[in-house]
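Please read the points below against the sequence and coordinates.

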Amino acid sequence: MPELPEVETIRKDLSRYLPGHAVVRLDVRDRRLLSLPEEERWRRTVCGQIWRAITRKGKYLVARLANDWELIFHLRMTGQLVLRTPSGIKRAGIIDKPLTRTYRMILEFEHGVGLAFYDQRRFGEVFLKGPLEGWPGKTVLGPDPLNGLSREHFIEMVKEKTTRIKPLLMDQHFLAGVGNIYAQEALFKAAIRPTRPGYRISKIEAGSLFQALRETLLSAIEHRGSTSRNYRDAFGQSGSAQGLHAVYLRGGKPCLKCQTPLRATKVGGRGTVYCPHCQH
């Protein structure tokens with residue numbers, strides 16, 4: 001599933017081409033993608049509207065329209081948002097290949113750029129949110145580790161929890177945007193074992209984890225996200241942050257710090273790799 005760095009990479013890509021341009025056509029191939037089934041209502045609300053801005057909320061992308069409605073994209077496991085142009089029309093960086101059979105929706109803009117939502121597993125969602133409506137997701141999202149969360153607040157949040165630290169980092173109500181990849185990587189960087197409960201982590205360790213988490217996320221954004229399976233950026237290209245992974249999917253391999261074989265287990269039902277020597 002795309003996590004914060006992948007979604008932020010896509011946000012930056014889309015921000016180069018779409019704000020300031022109006023939607024002229026909406027084609028929905030799979031209505032299960034839509035939070036509201038009335039496709040015509042979507043067209044009345046979206047078509048003709050200029051995209052003012054594209055922001056990110058955790059793992060969600062939010063496009064704000066000129067009428068103050070919002071399109072909210074959640075990629076989930078295999079969703080991809082890819083810019084495209086009609087065949088034969090060239091724009092720097094944008095592909096012009098035909099749509100594949102896994103596309104579920106496409107938005108076309110007045111300047112000739114399209115945005116296709118691909119989703120092989122079909123778990124992704126697109127919400128239409130009115131200006132007076134609340135957040136449509138099933139989970140009330142916690143603070144974003146890169147936007148407005150202080151070290152002191154993070155330490156307090158961790159210290160008051162009895163939950164094991166890795167599932168806690170992945171809880172979107174606790175912290176928005178972090179998933180299995182970057183929770184493992186940040187915990188390794190901070191030398192904290194994934195199974196330790198929050199309240200047993202010292203304030204100094206929690207502060208180190210806050211710094212490690214931010215550094216891990218920012219580095220992954222710089223490398224345009226991690227492509228271990230389905231993730232692609234808005235140009236249909238793979239990221240390279242997987243080359244930085246110290247523990248994710250490296251169970252049994254030597255620790256990059258101490259050469260001890262990394263241990264693979266499950267924590268909170270999710271595959272987890274850690275170093276039994278470096279992480280305490």
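The sulfur of cysteine 275 lies 3.6 Å from the closest cysteine sulfur, that of cysteine 258, which is too far for a bond. A disulfide would need the two sulfur atoms within 2.5 Å. The model is a predicted one, and by this rule its disulfide count is zero.

**Cysteines**
- Cysteine 258 takes part in no disulfide, and its nearest cysteine sulfur is the one in cysteine 275, 3.6 Å away.
- Cysteine 275 counts as buried because its relative accessibility is 0%, and the cut-off for buried is under 20%.
- Cysteine 258 has a relative accessibility of 26%, so this residue counts as partly exposed.

**Hairpin of β9 and β10**
- Strand β9 covers residues 263-267 and strand β10 covers residues 270-274; the two pair in the antiparallel sense over five bridges.
- Threonine 265 stands opposite threonine 272, which belongs to β10.
- Two residues lie between the strands of this hairpin, and glycine 268 takes a positive phi near 60°.

**Helix α1**
- Helix α1 runs over residues 4-15, and its twelve residues should span 16 Å at 1.5 Å a residue.
- The C-alpha atoms at the ends of α1 are 16 Å apart, which agrees with that expectation.
- Ten of the twelve residues of α1 are buried, so the helix is mostly covered.

**Overall fold**
- The protein has six helices and ten strands.
- Its radius of gyration is 20 Å, close to the 19 Å that the globule rule gives for 280 residues, so the protein is as compact as a globular protein of that length.
- Along the principal axes, the C-alpha atoms fill a box of roughly 55 × 40 × 30 Å.
- Of the 280 residues, 53% count as buried.
- Among contacts between residues at least 6 apart in sequence, 64% join residues at least 24 apart.
- The accessible surface comes to about 12900 Å², and carbon and sulfur atoms account for 49% of this area.

Notes. Residues are numbered from 1 along each chain as its sequence is written. This is a predicted model: local features need pLDDT of at least 70, side-chain atom pairs count only at pLDDT 80 or more; totals for chains, interfaces and linings use all residues. Side-chain values use heavy atoms; hydrogens and water are left out. Helices (H or I, at least four residues) and strands (E, at least two) are DSSP runs, numbered from the N terminus. The expected span of a helix is 1.5 Å times one less than its number of residues. Buried means under 20% relative accessible area, exposed over 50%, partly exposed in between (1.4 Å probe, protein chains only). The radius of gyration is taken over C-alpha atoms; the globule rule is 2.2 Å times the number of residues to the power 0.38. Contact means heavy atoms within 4.5 Å. Accessible areas come from the Shrake-Rupley method with a 1.4 Å probe; for residues, only the protein chains shown count as cover. Two strands pair if DSSP finds at least two bridges between them.
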